[in-house]
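Trainee: Can we go through this one together? I'd like to start with a loop and then move on to the sheet and the rings.

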Amino acid sequence: HVQLVESGGGLVQAGGSLMFSCAASGRIFSINIMGWYRQAPGKERELFAAITGISSTNYADSVKGRFTISRDNAKNTVYRQMNSLKPEDTAVYYCNADQILTPFGFQRGSWGQGTQVTVSS
């Protein structure tokens, strides 16, 4: 069973930057779409950045121009660079792999453990 393990998390002042990674471990042939979600207190989990296997990206308007998603297919890792952070970016952040091809078949809807990001004003 493939697991997604996130690194990072933390507290930063408004205007600051943070970078995170999410690595898939296990026997993997390929991963198609990987994405970053976040869930603020009292709100639903939302997708804000996604990247395909050929690194085509898409962003929610709320993070466009401030956040960057990237991936290293050789390392089965997706990254998230967060710049110009705002207090409203405070949330628990999760990575997701839509479909992972393994020697045992497809593993769908895999999630990282989640990491807390707190942005102080």
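**A loop, a sheet and some rings**

Mentor: Thr90 lies in the loop that runs between β9 (77-82) and β10 (91-102). Keep in mind that this is a predicted model.

Trainee: What does the side chain of Thr90 reach at 2.9 Å?

Mentor: Two backbone atoms. One is the oxygen of Pro87, at 2.9 Å. The other is the backbone nitrogen of Val119, also at 2.9 Å.

Trainee: And which residues is Thr90 in contact with, leaving aside neighbours within four places in sequence?

Mentor: Ala40, Pro41, Gln116, Val117, Thr118 and Val119.

Trainee: Switching to the sheet. What is the strand order in the open sheet?

Mentor: The order is β1-β3-β9-β8, with antiparallel pairing. β1 (3-7) and β8 (67-72) are the edge strands, each pairing on one side only. From one strand to the next, the twist averages 15°.

Trainee: How many bridges join β8 to β9?

Mentor: There are 6, and the two strands run antiparallel. As one of the pairings, Phe67 has Met82 in β9 as its bridge partner.

Trainee: Now the core. Which residues touch the most other members of the largest nonpolar core?

Mentor: Trp36 and Val78, out of 29 residues in that core. Strands that each supply at least two residues include β3 (18-25), β5 (34-39), β6 (46-51) and β12 (115-120). β10 gives the most, with 5 residues.

Trainee: How many aromatic pairs does a search of the whole structure find?

Mentor: It finds 4. In one of them, the rings of Phe48 and Phe67 have centres 5.7 Å apart.

Trainee: Why is that pair edge-to-face?

Mentor: Because the ring planes are at 75°, and planes over 60 degrees apart count as edge-to-face. The pair links distant parts of the chain, with Phe48 in strand β6 and Phe67 in strand β8, 19 residues apart.

Trainee: Is Phe48 buried or exposed? And Phe67, buried or exposed?

Mentor: Phe48 is buried, at a relative accessible area of 1%. Phe67 is buried as well, at 3%.

Trainee: What about Tyr94 and Trp111?

Mentor: They form an edge-to-face aromatic pair, 6.3 Å centre to centre with 90° between the planes. Tyr94 sits in strand β10 and Trp111 in strand β11 (residues 105-111), so the pair ties together parts 17 residues apart in sequence.

Trainee: Why does Tyr94 count as buried?

Mentor: Because its relative accessibility is 14%, and buried means under 20%. Trp111 is partly exposed, with a relative accessible area of 35%.

Trainee: Which residues do ring pairs link into a cluster?

Mentor: Tyr37, Tyr94 and Trp111.

Note on methods
Residues are numbered from 1 along each chain as its sequence is written. This is a predicted model: local features need pLDDT of at least 70, side-chain atom pairs count only at pLDDT 80 or more; totals for chains, interfaces and linings use all residues. Side-chain values use heavy atoms; hydrogens and water are left out. Helices (H or I, at least four residues) and strands (E, at least two) are DSSP runs, numbered from the N terminus. A polar contact is a pair of N or O atoms within 3.5 Å; within protein, one must be able to donate a hydrogen and the other to accept it, and residues adjacent in sequence count only if both atoms are side-chain atoms. Contact means heavy atoms within 4.5 Å. Two strands pair if DSSP finds at least two bridges between them. Axes are lines fitted to C-alpha atoms, for helices over the stretch in contact, and angles run from 0 to 180 degrees between N-to-C directions. A nonpolar core is a set of buried Ala, Val, Leu, Ile, Met, Phe, Trp, Tyr and Cys residues joined through side-chain atoms within 4.5 Å. Buried means under 20% relative accessible area, exposed over 50%, partly exposed in between (1.4 Å probe, protein chains only). Rings of Phe, Tyr and Trp (its six-membered ring) pair if their centres lie within 6.5 Å; planes under 30 degrees apart count as stacked, over 60 as edge-to-face and the rest as tilted.
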